[in-house]
Amino acid sequence: MSSRRGRRPALDPEVEKRLLDAIRAGVPLSDAAPMAGVHPSTVYRWLERGEQEQQRREAGLRARAGEQPFCEFRARFMRARSEGKAQLVLLVRKAATGGHVVRERTRTVRDPETGERVVQVERDFAQPDWRAAQFLLACLAPDSFGRAAQARIELVPAPKASHASASADQGPGVERLAARLAKIREDFAAELEEDAAVVDAELVDGPEG
């Protein structure tokens, strides 16, 4: 493809096919271009010219005939990239929902009544993967399910209540629970001290080597 303005891009169909196949597979442009035999900066220039021409047309300006090939190339490039993303989303969704066959076993047995050979097929199906579902939600709706949303929830301060209202809301049940937790902490600390003392005794009073 020539980079001079006003000239039709002379991109070989095979070169473009290799480029778009790589883009569709998720390969970054910086790597997809050399794979197709063209410099990345050249592809960026083609895309920029196509975008500029598209903006001119959307603004109501007269189309420039020499830029039409760049518009068409940019459209094919954007379509290939979108198709690649869609394929990956479908794979993640498939893992999230499960139900697809992950293993299949075939065996031939003899029917005890008829004596004929019967082929039996056993299939194992994938279970739904909640981690894939969580990942997909975080990508498709980051404001609601992404890390930023989780951070906002953690940063929301708990409402402060006065001492009087807090005491009234807690009631005797909460007070008993607090006292029990305090007792557990004290017992745990005492056990740690006893364990430390036993260890020291073993180290000091143990049999000589």
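Q: What pLDDT does the chain average, and how many of the residues, in percent, score at least 70?
A: The chain averages a pLDDT of 77, and 69% of the residues score at least 70; pLDDT is the predictor's confidence in each residue, from 0 to 100. This is a predicted model, in which local features need pLDDT of at least 70, side-chain atom pairs count only at 80 or more, and totals for chains, interfaces and linings use all residues. Residues are numbered from 1 along each chain as its sequence is written, and side-chain values use heavy atoms, without hydrogens and water.

Q: Where in the chain is confidence lowest, and where is it highest?
A: Helix H8 (residues 163-205) is lowest, at a mean of 56, and helix H2 (residues 29-36) highest, at 94; helices are DSSP runs (H or I, at least four residues), numbered from the N terminus.

Q: What makes the span of H3 agree with expectation?
A: The expected span is 1.5 Å times one less than the number of residues. The 19 residues of H3 should therefore span 27 Å, and its end C-alpha atoms are 27 Å apart, which agrees.

Q: Which residues does leucine 29 touch?
A: Beyond residues up to four places away in sequence, leucine 29 touches Leu19, Ile23, Pro34, Pro40, Val43, Tyr44, Leu47 and Phe77.

Definitions and conventions
Helices (H or I, at least four residues) and strands (E, at least two) are DSSP runs, numbered from the N terminus. Contact means heavy atoms within 4.5 Å.
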